[in-house]
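Dear colleague,

Please find the structure below, together with a short account of what was found in it.

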Amino acid sequence: MVVSISINGGDNYTNVGEILNPECEYYCEFSFIYTFPDWLYQDEVKVQITAEDWAGNSASDESDDSFIVNGDIAPPVVNLIYPVDLEE
């Protein structure tokens, strides 16, 4: 099975990982963890899974709707609201 991510609403997909040779016959259940880069902000993200059986038949499915990935590119900011005299 191949896991792919699109950041443009499904127009193009990039493979981000795969599960090789799953040992199951009829029904398989898997988890896949992918960490988006911190700098990424996109509001049209979709996931696509493509599976292939031992005979070479393949099928794929993608997210029904897009979702948002909101990366954290800005460093934290501290604002001093009240002046403090540290010499007292």
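The side chains of glutamate 62 and lysine 46 form a salt bridge, with 3.4 Å from N to O; the term denotes a side-chain nitrogen of Lys or Arg within 4 Å of a carboxyl oxygen of Asp or Glu. A search of the whole structure finds one such bridge. Glutamate 62 belongs to strand E4 and lysine 46 to strand E3 (residues 41-52), so the pair ties together parts 16 residues apart in sequence. Strands (at least two residues) are DSSP runs of E, numbered from the N terminus.

Please note that this is a predicted model: local features need pLDDT of at least 70, side-chain atom pairs count only at pLDDT 80 or more, and totals for chains, interfaces and linings use all residues. Residues are numbered from 1 along each chain as its sequence is written, and side-chain values use heavy atoms, leaving out hydrogens and water.

Lysine 46 is buried at 10% relative accessible area, whereas glutamate 62 is partly exposed at 31% (buried is under 20%, exposed over 50%, partly exposed in between; 1.4 Å probe, protein chains only).

Serine 6 lies in strand E1 (residues 2-6) and is buried, at 0% relative accessibility.

Strand E4 spans residues 58-62 and includes serine 58, which is exposed at 54%. Serine 58 is in contact with Ala51 and Glu52, neighbours within four places in sequence being left aside.

With kind regards

Methods. Helix = DSSP H or I, 4+ residues; strand = E, 2+ residues; numbered from the N terminus. Contact = heavy atoms within 4.5 Å.
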